[in-house]
Amino acid sequence: MSDVVVLSNVSKEYPLGKLVVPALKEVSLSIGAGEFVSIAGPSGSGKTTLLNLVGCVDTPTSGAVIVDGLDTARLSERDLTRLRLEKLGFIFQSFNLIAVLDTFQNVEFPLLLQGKQSRKERREVVSELLERVGLDKHHHHRPNELSGGQRQRVAIARALVTRPRIVLADEPTANLDTGTGGAIIDLMKSINETQGTTFIFSTHDARVMKHADRVIRLEDGRIVSSGDIAPNGAAGSRPELSVQEGPAPYLAGE
Amino acid sequence: MGRLLLIAARNLMQNRRRTALLSAAIVAVTMLLVLLGSLGNGIQATLLEAGTAMLTGHVNVGGFYKITSGMGSPILVEAERTLKDVRELVPESAQIVDRRRGFGKIVSESDTVQGALTGIDATNEDALRGVLRIVEGSLDSLGGEDLSILLFQKQAERLKVSVGDDVTLSSQVVRGQTNALKVRVGAIAKDMGLISIMSSYVSKNVLRDLYQLDPDTTGVIMVYLDDPDQAATVKAKLREGLLQRNHRLMEDEPDAFYHKFQQVAGEDWTGMKLDVTTWEDELANVQWTMKTFDTITSLLIGVLLVIVIIGVMNTMWITVRDRTREIGTLRAIGMGRLRVLVMFLLETVILSTVSALLGVSLGAAIAGLLNWLQIPVSPGFQIFLMSDTLRLVVAPYSLVMAVVVVPLLTTFGALFPASRAARLKPVTAMQHAG
Ligand SMILES: Nc1ncnc2c1ncn2[C@@H]1O[C@H](COP(=O)(O)OP(=O)(O)OP(=O)(O)O)[C@@H](O)[C@H]1O
Ligand SMILES: [Mg+2]
């Protein structure tokens, strides 16, 4: 299996006044294409820091971060932006949608940034994706007209619309109730299975963790266990969540 | 780009209060810019209209006659010959008139005023007839053989005379003695600002008699052209032509004739020398009114623009702070720095362009309304404005200027905060609280 993310001896320190806060200490890990990985650990253990480094929105103090075969330290700001746009998808804890754009426009936005597709192509891709995440009736709702779960679905659709190799999600379910959160994880998992997209998400929630192929545990900036690489997404089951949401949980409305 | 425009426009709508406030400020400044500009144009237009009728032709052939080298008089000898030469040299002229020039006291039983005395033949003074507003008597009284004077209202009030009354003119004549002459008030005209404070008009014969001049003399030959902008060309042509026809010419000096006495008196020549000037030369000294006004206006506008730019800058800082997380998100999902910059600048561009357009339209409309209402101005301002009602002339190019310059400046003000937004590290922006 080819590795899409490799971290070797990555440390990250944050300056805090005269102090230096070590957030990650000599972390090494690799994540293969198509994995569904959870980053777990207590608050302050460095989960967000790790995801930010993989997502190329932050730079390590030392060590190398290699994303899709590219050493990110060697890339210019411009190249990093390009990498984020083409290869990465982001899902945020608090959804972070563009408030003034409606569902369709939010999802379409990365495609406009890419500028590769015609209006018609974009319309097809976005509509299909919105149907997939169960929002085909909400094209023209603005974020403040949607529930939390719906907003996160929009965010997922936005993260997926460019068909990225890797989707990074920092506590995607933390702002959602358990049922809705389960449905979101289900949706992510099903996309992971059907499209082979690599998902790396952080969570506090043991129930959410169960769905992961692999759980990487952080404590105090170090990896305490990086889990076993399950061959085909077999680690964890999700019957209890599926039951709550019905047969096609990610299609359920709020 | 289209989507960025949409985002910018919608964000403006989202922050309605902020947008409305800033927009109101930009509208107000643009409006003021237009109004003050057209007031300036109005004064300029009035000044030129009044000036070219009352003080100068478009091109003038004046000059000095010196009996001794120590003193010059503003007299043209051989008036007929010179007039004929000028007519032949400027066949394209719209009109050619000649006036006598003098200076003296006007004395009544109650008071004395002093000023320039211009001798005219009212029968061919069309331009003058166009700008003078006679309130009593008739300009025609300065057209015949009568010894008549036209006074401006304030002069008449001070002298306590009205049409039909007699006043006495007294003036120093060439040899240093003082002559006096009784003339009848033939007309009283409305005041015309600065110009009317220190001058009045008399019939040509008055100056002939006062100075005991030869009939074949005059003071200045004034050439009116269809296109005043041709004045410089015509001046050059006249100078050359007059020299060829054996007239002596003074050095070319772009100044009003009444400023040249001293210089002429200091020069070592006698006899007749002609002086050719344009209306711009003659009005050079009255133009200070314009310059003063322009300076005050520019200062005022400058200060207001700076305030608006600071306002825009401030608003932009707030906008950027409010949307720092959004910036982080957009950068994370692959939006480049330039696009972030453009997205924020577009807000200002839209806001200021729409506001400037509105301000310009309002300004032009108000200027039209003020003109139509014929707002009277206070006497103090009348001197300045050369008119007793407010007159605004809206110049199309100044409207275009306002619509271009105001958005440019405000966008410039937004540049700094917006570029700060664009340069933010994505992670820093995302971690921003709020
Ligand atoms: N910008 C920053 N400046 C200073 N210290 C920081 C900064 N960001 C994170 N830290 C510190 O780095 C450590 C790791 O933080 P991080 O946000 O990665 O933890 P986390 O595992 O995501 O925690 P949580 O579960 O609460 O989100 C913490 O000790 C935190 O205080
Ligand atoms: Mg975190």
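Is B:D140 buried, partly exposed or exposed, and what is its relative accessibility? B:D140 counts as partly exposed because its relative accessibility is 49%. The legends below describe close-up views of a predicted model.

**Figure 1. Confidence of the predicted complex.** The predictor assigns the complex an ipTM of 0.85 and a pTM of 0.76. For chain B the average pLDDT is 89, and 98% of the residues score at least 70. Where pLDDT is low, the predicted coordinates should not be read in detail.

**Figure 2. The salt bridge between B:D140 and B:R129.** The two side chains meet with an N to O distance of 3.1 Å.

**Figure 3. The salt bridge between B:K237 and B:E92.** The closest N and O atoms of this pair are 2.8 Å apart. The pair links distant parts of the chain: B:K237 sits in helix α8 (residues 231–244) of chain B, and B:E92 sits in the loop between α3 (79–89) and β3 (95–107) of chain B, 145 residues apart. B:K237 counts as partly exposed because its relative accessibility is 35%. B:E92 is likewise partly exposed, with a relative accessibility of 38%.

**Figure 4. A network of salt bridges in chain B.** The network links B:E78, B:R81, B:K84, B:D85, B:E88 and B:R245. Within this view, the side chains of B:E78 and B:R81 meet in a salt bridge of 3.0 Å, N to O. B:E78 has a relative accessible area of 40%, so it is partly exposed. B:R81 counts as partly exposed at 31% relative accessibility. Over all chains, a search of the whole structure finds 39 salt bridges.

**Figure 5. A patch of negative charge on the surface of chain B.** The residues that gather here are B:D226, B:D227, B:D229 and B:E280. B:E280 is part of helix α10 (residues 279–283) of chain B. Its relative accessibility is 45%, which means that B:E280 counts as partly exposed.

**Figure 6. Helix α1 of chain A and the residue that follows.** Helix α1 of chain A covers residues 47–54 and is mostly covered, with seven of its eight residues buried. The buried residues are A:K47, A:T49, A:L50, A:L51, A:N52, A:L53 and A:V54. Just after this helix, A:C56 adopts a positive phi of about 60°.

**Figure 7. Positive phi angles in two loops of chain A.** A:D68 is not a glycine, yet it has a positive phi of about 50°. This residue, A:D68, is located in the loop between β4 (62–67) and β5 (70–71) of chain A. A:R163, also not a glycine, has a positive phi of about 50°. The loop that holds A:R163 runs between α5 (148–160) and β7 (166–170) of chain A. A:R163 is exposed because its relative accessible area is 61%.

**Figure 8. The loop residue B:G72.** B:G72 is found in the loop between β1 (59–66) and β2 (76–77) of chain B. The cut-off for a buried residue is under 20% relative accessible area. At 8% relative accessibility, B:G72 therefore counts as buried. From B:G72 to B:L300 the C-alpha to C-alpha separation is 45 Å, and the two residues are 228 residues apart in sequence.

**Figure 9. The loop residue B:D216.** B:D216 occupies the loop between α7 (204–211) and β10 (217–218) of chain B. With a relative accessibility of 30%, B:D216 counts as partly exposed. The C-alpha atoms of B:D216 and B:A20 are separated by 72 Å, and these residues are 196 residues apart along the chain.

Technical notes:
Residues numbered from 1 in each chain as written. Chains lettered and ligands numbered in written order. Predicted model: local features only at pLDDT ≥ 70, side-chain atom pairs only at ≥ 80, totals over all residues. Heavy atoms only, no water. Patch = residues over 30% accessible without salt bridge, like charges linked within 9 Å, V, L, I, M, F, W, Y side chains within 5 Å. Areas by Shrake-Rupley, 256 points an atom, 1.4 Å probe, with all protein chains shown as cover. Salt bridge = Lys/Arg side-chain N within 4 Å of Asp/Glu carboxyl O. Lys, Arg positive; Asp, Glu negative; His and termini not counted. Charge placed at Lys NZ, Arg CZ, Asp CG, Glu CD. Helix = DSSP H or I, 4+ residues; strand = E, 2+ residues; numbered from the N terminus. Buried < 20%, exposed > 50% of the residue type's maximum accessible area, 1.4 Å probe, protein only. pLDDT = per-residue confidence, 0-100.
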